[in-house]
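Dear colleague,

I am handing over the structure we spoke about, and below it you will find what turned up when I went through it. Please keep the sequence and the 3D view open while you read.

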Amino acid sequence: MNSKFLVPVFISFLFFSCSKDDTSDLGQYSKGVFVVNQGVFQSGTGTITFHNYKDTIKNVFEKENPGQVLGNIAQSMIAHDNKYFIAVNNANKIAVCDGTTFKSQGEIKGISLPRYFAASSTKLYVSAWGADFKSGNVYEINPKTLSITATIKTGGAPESMLISGDKLYVTISTVTEKSKSIAIIDIKTNTITQRLDISDNPTHIVSDKNGAIWILCGGNSDWANPALSTDGALVRLVNDKVEKSFKLNNDVNGLAIDKNKDRLFFLMAGKVFAHDITDQTFEKESVYDGSFYAIGYHHTKGRLYLADAGNFQSDGTVTHIDPISKATGRYTAGIIPGFFYFAE
């Protein structure tokens with residue numbers, strides 16, 4: 001489901017051609033950048049765009065699987081057990097593809113509104129909102145049998161997740177019911193051991209080089225009475241306790257961390273902001289201008305990736321930026337590019 005609204009994009013820097021610093025044969029999808037394009041809400045199909053640092057391949061799933069489509073809405077993806085798993089939200093399924101050829105390996109059904117994945121070397125999980133947007137679950141998936149092996153009832157609308165040690169951290173977002181909590185799950189037993197109230201509408205989560213957990217909270221929006229909307233926040237957890245909370249705008253979205261895991265990036269107020277993990281205050285450091293729909297960081301290449309959904313009806317674009325040299329590249333993706341996966 002898509003609940004984001006953005007203004008047109010204006011970018012103040014010059015675009016250069018996409019770099020050709022690496023190559024990959026067409027039909028080989030083990031390394032490169034995947035863009036998960038949601039597709040037109042309700043009436044379209046999601047697609048996957050693949051960039052191998054030389055060429056951009058659109059509609060990868062359809063290209064490698066003639067006669068098949070992903071379905072509406074393609075939400076996110078992950079690699080695990082030499083397969084790609086793609087959450088297709090409105091279609092209530094997970095599409096599974098070979099990790100090299102992208103040939104279809106089947107589907108996992110019975111998951112209502114799947115959202116995001118988290119994986120360790122032995123575990124694979126997906127969050128799902130549930131048909132009523134408030135009775136959400138986290139599912140453990142067996143990547144070999146393509147079956148559900150455990151259902152963990154989180155309630156609410158679980159979103160992004162992170163595995164740290166033997167714990168799975170799950171953000172519980174606000175969709176139809178307000179939330180300010182995260183759930184912490186013991187992955188040895190698949191049981192919730194703790195719930196923490198942090199700030200309104202937790203959505204995105206990363207960990208830094210010191211093991212601290214950072215959670216972006218979007219705040220609650222009241223479209224009928226904007227005065228009742230609440231602030232966003234960037235929250236730092238240490239030893240499963242809130243150590244610091246930085247006040248942000250209500251429109252904050254997306255969260256990425258750089259290759260050294262000591263600098264955070266997120267989207268807010270028509271800009272890309274950065275925050276060093278050692279900062280004790282939020283300095284409002286704007287590093288790029290433009291209203292973007294999604295953000296990611298390619299750790300191997302050291303590049304920040306930004307997705308522009310444009311008019312939400314035609315193909316969007318992807319911009320990648322070297323934060324040090326400021327060199328940029330740009331290429332066309334599919335309709336509503338909303339998620340990056342970096343196969344490294």
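Gly 254 touches His 204, Leu 216, Phe 265, Phe 266, Leu 267 and Ile 295, once residues up to four places away in sequence are set aside. Before going further, please bear in mind that this is a predicted model. Gly 254 itself sits in strand E20, which covers residues 253-257, and with a relative accessible area of 5% this glycine is buried, because buried here means under 20%. The C-alpha atom of Gly 254 is also 8.1 Å from that of Gly 296, although 42 residues separate the two in sequence.

A second residue to look at is Val 36, which belongs to strand E1 and is buried, with a relative accessible area of 0%. If its neighbours within four places in sequence are left aside, Val 36 is in contact with a list of residues that includes Thr 47 and Ile 48, then Ala 74, Gln 75, Ser 76 and Met 77, and also Ile 336, Pro 337, Gly 338 and Phe 339. For Gln 75, which is 39 residues away along the chain, the C-alpha separation from Val 36 is 6.6 Å.

Pro 143 is found in a loop, the one between strand E10 (137-142) and strand E11 (147-153). Is this proline buried or exposed? Its relative accessibility is 12%, and so Pro 143 counts as buried. Apart from residues up to four places away in sequence, Pro 143 touches His 80, Asp 81, Lys 83 and Phe 85, and its C-alpha atom lies 9.2 Å from that of Asn 82, a residue 61 positions away in sequence.

The aromatic rings come next. The count of aromatic pairs comes to 18. One of them is formed by Tyr 29 and Phe 50, which are arranged edge-to-face, with 5.0 Å from centre to centre and 75° between the planes. Tyr 29 lies in the segment before strand E1 (32-37) and Phe 50 in strand E2 (residues 47-51), so this pair ties together parts that are 21 residues apart in sequence. Tyr 29 is buried, with a relative accessible area of 0%, and Phe 50 is buried with a value of 0% as well. Ring pairs also link Tyr 29 and Phe 50 with Phe 34, Tyr 84, Phe 102 and Tyr 341 into a cluster.

Finally, here is the chain as a whole. Its secondary structure comes to one helix and 28 strands. The radius of gyration is 19 Å, close to the 20 Å that the globule rule gives for 344 residues, so the protein chain is as compact as a globular protein of that length. Along its principal axes, the C-alpha trace spans about 50 × 45 × 40 Å, and 55% of the 344 residues count as buried. Among the contacts with a separation of 6 or more, 47% are accounted for by residues 24 or more positions apart.

As for the surface, the protein chain exposes about 14500 Å², and carbon and sulfur atoms supply 49% of that area.

Technical notes: Residues are numbered from 1 along each chain as its sequence is written. This is a predicted model: local features need pLDDT of at least 70, side-chain atom pairs count only at pLDDT 80 or more; totals for chains, interfaces and linings use all residues. Side-chain values use heavy atoms; hydrogens and water are left out. Helices (H or I, at least four residues) and strands (E, at least two) are DSSP runs, numbered from the N terminus. The radius of gyration is taken over C-alpha atoms; the globule rule is 2.2 Å times the number of residues to the power 0.38. Buried means under 20% relative accessible area, exposed over 50%, partly exposed in between (1.4 Å probe, protein chains only). Contact means heavy atoms within 4.5 Å. Accessible areas come from the Shrake-Rupley method with a 1.4 Å probe; for residues, only the protein chains shown count as cover. Rings of Phe, Tyr and Trp (its six-membered ring) pair if their centres lie within 6.5 Å; planes under 30 degrees apart count as stacked, over 60 as edge-to-face and the rest as tilted.
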